[in-house]
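Please view the sequence and the structure before reading on.

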Amino acid sequence: METFLTYLQVFAVGGTICLIGQVIINTTKVTSARILVGYLLLGVVLETAGVYKYIRDFGKAGATVPIIGFGSNLARGAIDGALESGILGAVTGGIEAVAAGIAAVIFFAFIVGLVATPKTK
Amino acid sequence: MNEPNEAYLKLIKEKMPKSKHLLTMFRAFWTGGTICCIGQAFTDLYTFLFSELGEKDVAALTTITLIFITAVLTGFGIYDKIGAYAGAGSIVPITGFANSVVSPAVEHKREGVVFGLCANMFSVAGPVIVFGISSSVVVGLIVILFKGAFGG
């Protein structure tokens, strides 16, 4: 029952974040790149303001899987880095926190790009 | 004879976009929620399998897994079909970010590996990474300046 409730929370939070994105697309016709950048920056701001941890505690993967969670990760890395190792940590903390994601994206995209056949135009 | 017809058409014009909006919103909600639940399932699985790993490492593994699945689905052209149905539900999750890297990599491979595949990978991800890294550095510098506010 507790697991079910957790997944309901994940579903609700993740779904709502995507729904808001859809509303923005429907009403303003912005491109997906702008949606991603906008959500990313929102995540950075909310994490820095100390708000996002409450959303994360409640929504779990529903708050970390959307790109807004990627932004919060960046900010959290920068904050922790700055507190632990000063100016160097402030510069490297963000990219260190998302290194796994960026490395995986680049590596898998490269492999799939080499292997897959493009659609005929 | 014409009058009710025109009124009817006007009514349709008013009603149609709204219901279309509702439909796309519903699709984005349930597909986005489902992708997040898949992410939660992997998080739970990795927490169970690798109990020595911390929360951050489990989250990183989950991200890598979702990106891998998306890369494969994009390679087979399946993710684009999901995207046509799901709209923002497939764009906003990290899988949408992965798709935005893999998709142009596949589409542009004909133009060569270096200037086609590799260069075009970052047409969407480039701005995301530029804004992401830059803003994180700004945040880091703000923390240095106002350490007290962040518990330093």
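In which sense, left-handed or right-handed, does H6(A) pass H5(B)? In this predicted model, the crossing of H6(A) with H5(B) is right-handed.

From H6(A) come Gly101(A), Val105(A), Phe108(A), Ala109(A), Phe110(A), Val112(A) and Gly113(A). H5(B) contributes Ile94(B), Phe97(B), Ala98(B), Val101(B), Val102(B), Ala105(B) and Val106(B). By type, the residues of the contact between H6(A) and H5(B) are 12 nonpolar and 2 polar, with no charged ones.

**Helix H5 of chain B**

H5(B) runs over residues 94–107 of chain B, which makes 14 residues. From first C-alpha to last, H5(B) reaches 20 Å, close to the 20 Å expected at 1.5 Å a residue. Of the 14 residues in H5(B), 13 are buried, so the helix is mostly covered.

Ile94(B) is found in H5 of chain B. Ile94(B) counts as buried because it has 26 C-beta neighbours inside 10 Å, and 20 or more are needed for that label. Leaving out residues up to four places away in sequence, Ile94(B) touches residues of both chains: Val65(A), Ile67(A), Phe70(A) and Gly101(A) from chain A, and Thr63(B), Leu66(B) and Ile67(B) from chain B. Another pairing is with Ile35(B): Ile94(B) is 59 residues from Ile35(B) in sequence, and their C-alpha atoms are 9.4 Å apart in space.

**The two chains**

Chain A has 6 helices and 0 strands, in the order α-α-α-α-α-α along the sequence. The C-alpha trace of chain A spans about 50 × 40 × 35 Å along its principal axes. Of the contacts in chain A with a separation of 6 or more, 64% join residues 24 or more positions apart. Chain A has 121 residues, and buried residues make up 55% of them.

Chain B is divided into two domains, listed below.

| Domain of chain B | Residues |
|---|---|
| domain 1 | 2–120 |
| domain 2 | 125–152 |

The C-alpha centres of domain 1 and domain 2 of chain B lie 27 Å apart.

Methods
Residues numbered from 1 in each chain as written. Chains lettered and ligands numbered in written order. Predicted model: local features only at pLDDT ≥ 70, side-chain atom pairs only at ≥ 80, totals over all residues. Helix = DSSP H or I, 4+ residues; strand = E, 2+ residues; numbered from the N terminus. Expected span 1.5 Å × (residues − 1). Buried ≥ 20, exposed ≤ 12 C-beta atoms within 10 Å, placed from the backbone. Left-handed = near helix turned anticlockwise from the far one by under 90°. Contact = placed C-beta atoms within 7 Å. Nonpolar A, V, L, I, M, F, W, Y, C, P; charged D, E, K, R; others polar. Domains from an automatic or database assignment.
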